[in-house]
Amino acid sequence: MVDGEWKAVSPVPPRREEGAAGGTWELYHLADDPTETLDLAAAEPTRVAELAERWRDEAWRNTVFPLDDDGTLHANRPESEAELAAPVALVPFRPPLERFRAAQLTVLKSFSVEASLVLDDRAAGVIVAHGDQGGGYLLAVEGGAPLISYNAYGDMHRSRGAALGAGPHELLLHVDELEGLRWRLRLEVDGELSAEIAAVPMLLGMAPFTGISVGYDYGGPVDWELHERHRTFRFSGGTIERLRYVPGARSRHDPTVLRRIGEAVAELAD
């Protein structure tokens, strides 16, 4: 909190019993000490307390709370979010499944993508895409053959399968967790292995930045070279009869705990 020539800062977060204005506060007189080397907190306890309380008031006014200094708000999630990680069928050519919802299907877990297609001789385009230039993956048909593209934070990996003939086909993309927070991608076509990317870094944290789109690559492209050839590469020359995401086992590295928060809140409200 800066007030004119004075600055109060707490590099140590408050303990629960101290409340939001607690912590270990330091005080600097910026006019005389612009590099903040002389802590005057011990000499000015009243000023420090006033600035700490003002910080708390401003935090409420600017909707800073609740604080998440220890990461527990991310690790402890409401039980209602479990439904977001259930298998889901997505409709082609609609707006993309938004980013948070899409992440519940893929982040820190194995998963699979099931696609039922009916192709003619001119079939081409993106079947499903998730992500953008910051990281992502897509499954497409180009030149009559299936293509997996995986953007590992800018490091591109690609694998192509054998040509697909006209008619119905069942495609199954397995994304399986490996040790070291890595994935292996395997594409089965009509029950036979068609293409594989052996080991790539998982997409974690903020990635993928763009949600899941079916039948085209929405927004920033996953595969820039494919985008230069075809732009959004809308699927044509056939139909995507069904596309379904099936989340698998959660990684042992996933710290998330689902809690019955709704019931606890209801009890408090009563």
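Two strands count as paired if DSSP finds at least two bridges between them; strands (E, at least two residues) and helices (H or I, at least four) are DSSP runs, numbered from the N terminus. With that in hand, Ala-8 has Leu-27 in E3 as its bridge partner.

This is a predicted model, where local features need pLDDT of at least 70, side-chain atom pairs count only at pLDDT 80 or more, and totals for chains, interfaces and linings use all residues. Residues are numbered from 1 along each chain as its sequence is written, and side-chain values use heavy atoms, with hydrogens and water left out.

Now the sheet: it is open and antiparallel, with three strands in the order E1-E2-E3. E1 and E3 are the edge strands, each pairing on one side only.

| Strand | Residues |
|---|---|
| E1 | 2-3 |
| E2 | 6-12 |
| E3 | 24-29 |

E2 and E3 pair over five bridges.

On to the cores. A nonpolar core is a set of buried Ala, Val, Leu, Ile, Met, Phe, Trp, Tyr and Cys residues joined through side-chain atoms within 4.5 Å, and buried means under 20% relative accessible area (1.4 Å probe, protein chains only). The largest one has 39 residues, and Ile-127, Tyr-150, Trp-183, Leu-185, Leu-243 and Tyr-245 touch the most other members. Strand E6 (residues 109-132) gives the largest share of this core, eight residues. Another core, of nine residues, lies apart from it and includes Ala-129 and Val-222.

Finally, Thr-106 sits in helix H3 (residues 99-106) and is buried, at a relative accessible area of 2%.

Definitions and conventions
Buried means under 20% relative accessible area, exposed over 50%, partly exposed in between (1.4 Å probe, protein chains only).
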